[in-house]
Amino acid sequence: MTLPDKEQRKANRLIREKSPYLLQHAYNPVNWYAWSPEAFQKAQKEDKPIFLSIGYS
């Protein structure tokens, strides 16, 4: 018996979001952050730029 694709892959932090758009990306192999203070604090702490996706669907 094989599991559906989403059950074989690990979800990222977007799995906790309510937005249907963000949930579409909950199984991407990217460590996405939703727009939040946590995302900005992490970027500032690591001295990294913000990569902003405005979405498409």
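These are my notebook entries on a predicted model of one protein chain.

**Entry 1, ground rules.** I worked with a predicted model in which local features need pLDDT of at least 70 and side-chain atom pairs count only at pLDDT 80 or more, while totals for chains, interfaces and linings use all residues. I numbered residues from 1 along each chain as its sequence is written, and for side-chain values I used heavy atoms, with hydrogens and water left out.

I looked up the secondary structure, taking helices (H or I, at least four residues) and strands (E, at least two) as DSSP runs numbered from the N terminus, and I found 3 helices and 0 strands in the protein chain. Along the sequence the pattern reads α-α-α.

I then asked what share of the 57 residues is buried, where buried means under 20% relative accessible area, exposed over 50% and partly exposed in between, with a 1.4 Å probe and protein chains only; the share comes to 14%. Among contacts (heavy atoms within 4.5 Å) with a separation of 6 or more, I noted that 14% join residues 24 or more positions apart. The chain exposes about 5,200 Å², of which carbon and sulfur atoms supply 57%; these areas come from the Shrake-Rupley method with a 1.4 Å probe, and for residues only the protein chains shown count as cover.

I located W35 in the loop between α2 (20-24) and α3 (37-46), and it is exposed, with a relative accessible area of 66%. For aromatic pairs I used rings of Phe, Tyr and Trp (its six-membered ring) with centres within 6.5 Å, calling planes under 30 degrees apart stacked, over 60 edge-to-face and the rest tilted. By this rule I counted 2 aromatic pairs. One of them joins W35 to F40 in an edge-to-face arrangement, at 4.9 Å centre to centre and with 85° between the planes; F40 is partly exposed at 33% relative accessible area. W35 and F40 also belong, with I50, L52 and I54, to a nonpolar surface patch of about 610 Å². Patches are made of residues with over 30% relative accessible area and no salt bridge, like charges being joined within 9 Å and nonpolar side chains (Val, Leu, Ile, Met, Phe, Trp, Tyr) within 5 Å.

I checked R13 and found its charged end over the ring of Y33, 3.5 Å from the ring centre; the rule asks for NZ of Lys or CZ of Arg within 6 Å of the ring centre and within 35 degrees of the ring normal.

I took a salt bridge as a side-chain nitrogen of Lys or Arg within 4 Å of a carboxyl oxygen of Asp or Glu, and the structure holds 2 of them. K42 meets E46 at 2.7 Å, N to O, and both lie in helix α3, 4 residues apart, about one turn of the helix. K42 is partly exposed at 31% relative accessibility, as is E46 at 34%. K48 meets E46 at 3.1 Å, N to O, and the shared partners join K42, E46 and K48 into one network.

I placed V30 in the loop between α2 and α3, where it is partly exposed at 37% relative accessible area. V30 and A11 are 19 residues apart in sequence and 9.6 Å apart in space, C-alpha to C-alpha.
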